[in-house]
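Dear colleague,

Please find below the sequence and the structure for your records. My notes on what was found follow directly after.

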Number of protein chains: 2
Amino acid sequence: MRERLLEAGLSSIHRHGFNGCGVQEIVDLAGVPKGSFYNHFESKEALGAEVLDQFWHDHARGLLRVLSDESLPPIERLRRYFSAPAEKLAALDYKGGCLLGNMAAELSDQSKLIADRLSSIFARWTCAVANCIRDGQSAGQVRTDIEAETLASFLLNALEGATLRARIEKDGRPLAQFIDVALNHLII
Amino acid sequence: MRERLLEAGLSSIHRHGFNGCGVQEIVDLAGVPKGSFYNHFESKEALGAEVLDQFWHDHARGLLRVLSDESLPPIERLRRYFSAPAEKLAALDYKGGCLLGNMAAELSDQSKLIADRLSSIFARWTCAVANCIRDGQSAGQVRTDIEAETLASFLLNALEGATLRARIEKDGRPLAQFIDVALNHLII
């Protein structure tokens, strides 16, 4: 039941935003009685924090692994990793965007719980990208005059911004520009 | 009364998000009776679209003008323009962030009216930055191997992402990194 609530929460929040969906909608989608919600989660905010963890764990077990795939040159790992969101968003008609960015925009000032969870996820995300950049720097494939953590952080923030812009335009161009500038001009 | 509603709408939406504030809160803040709201705006969504216009016009009459200040070298105009948000956000303890980015995250999929308004504002914003980049390219101060519009778009999206990250962290580091990478490494 907990799993179903998390899954329904992820889907509802991603589709309608955190303030745009209610506990009622989430329990309806999960097909569980409303009373059960509060046996599993103290509040919608608590569910939101766990939805973020779930989202991150799915990502860490999925696409993120390409960044540490030593069978590929580091620059190729970065290319595959940063090209994937464009394809994924195109398949969804540029709807939904990035759950992390959306919750950051909506809740950073309103929920310390959510902001702290996002901060911790972005730190781990930055670290994973920075490790790959560092491999690329050692291999002579990535410029070394920008510190790996700084470059990783800049790239992830730029990706969030490009994703947001793609959602406004309902078009892939902002993500194509991100990939071009980031991979063909900035990091090399 | 219309002006007061727009001002109250801007303040409420910026502070609590579009779905996080209601018409009641906006009319209370404006000090006008609720019935008057609908004499001036068809809906909260219609108010939101006009708040965006107002926000853009304020920006275009204010900070944006530094980008076309021909008494300064183009690179210096870009430096002043892109350094300003960091100072502004620090003064607000990194709360609120960018109204455009926030409304994009919250409403791009839910309101065609808002998404279209955002698209038009971002186009004008990109154009203003691209013109300055073009001046910088002509003056030999900005790299010419990236097309001015593409670079402008990338920079603005990266700024939106860095602003979002600064709000999560309640810290200026993401914006300092943005300025460093963008101005000292990417555009020159």
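**Nonpolar cores**

This is a predicted model. Its largest nonpolar core comprises 59 residues. Within that core, the residues with the most contacts are L5(A), M103(A) and L118(A), together with L5(B), M103(B) and L118(B). Leaving aside residues up to four places away in sequence, M103(A) touches F18(A), G48(A) and L52(A), as well as I114(A) and L118(A). There is also a second, separate core, made up of 58 residues, and L67(B), A130(B), I146(B) and L159(B) are among them.

**Relation of the two chains**

The same surface serves both copies, since 98% of the contact residues of chain A recur in chain B.

**Domains of chain A**

The domain assignment divides chain A into domain 1 (1-51) and domain 2 (62-186). The C-alpha centres of these two domains of chain A are 27 Å apart. Nine residues from domain 1 of chain A and 10 residues from domain 2 of chain A take part in the contact between them. On the side of domain 1 of chain A that touches domain 2 of chain A, α1 (2-16) and α4 (44-61) of chain A each supply at least two residues. By class, that side of domain 1 of chain A consists of three nonpolar, four polar and two charged residues.

With kind regards

Conventions
Residues numbered from 1 in each chain as written. Chains lettered and ligands numbered in written order. Predicted model: local features only at pLDDT ≥ 70, side-chain atom pairs only at ≥ 80, totals over all residues. Domains from an automatic or database assignment. Contact = placed C-beta atoms within 7 Å. Helix = DSSP H or I, 4+ residues; strand = E, 2+ residues; numbered from the N terminus. Nonpolar A, V, L, I, M, F, W, Y, C, P; charged D, E, K, R; others polar. Core = buried A, V, L, I, M, F, W, Y, C linked by C-beta atoms within 7 Å. Buried ≥ 20, exposed ≤ 12 C-beta atoms within 10 Å, placed from the backbone.
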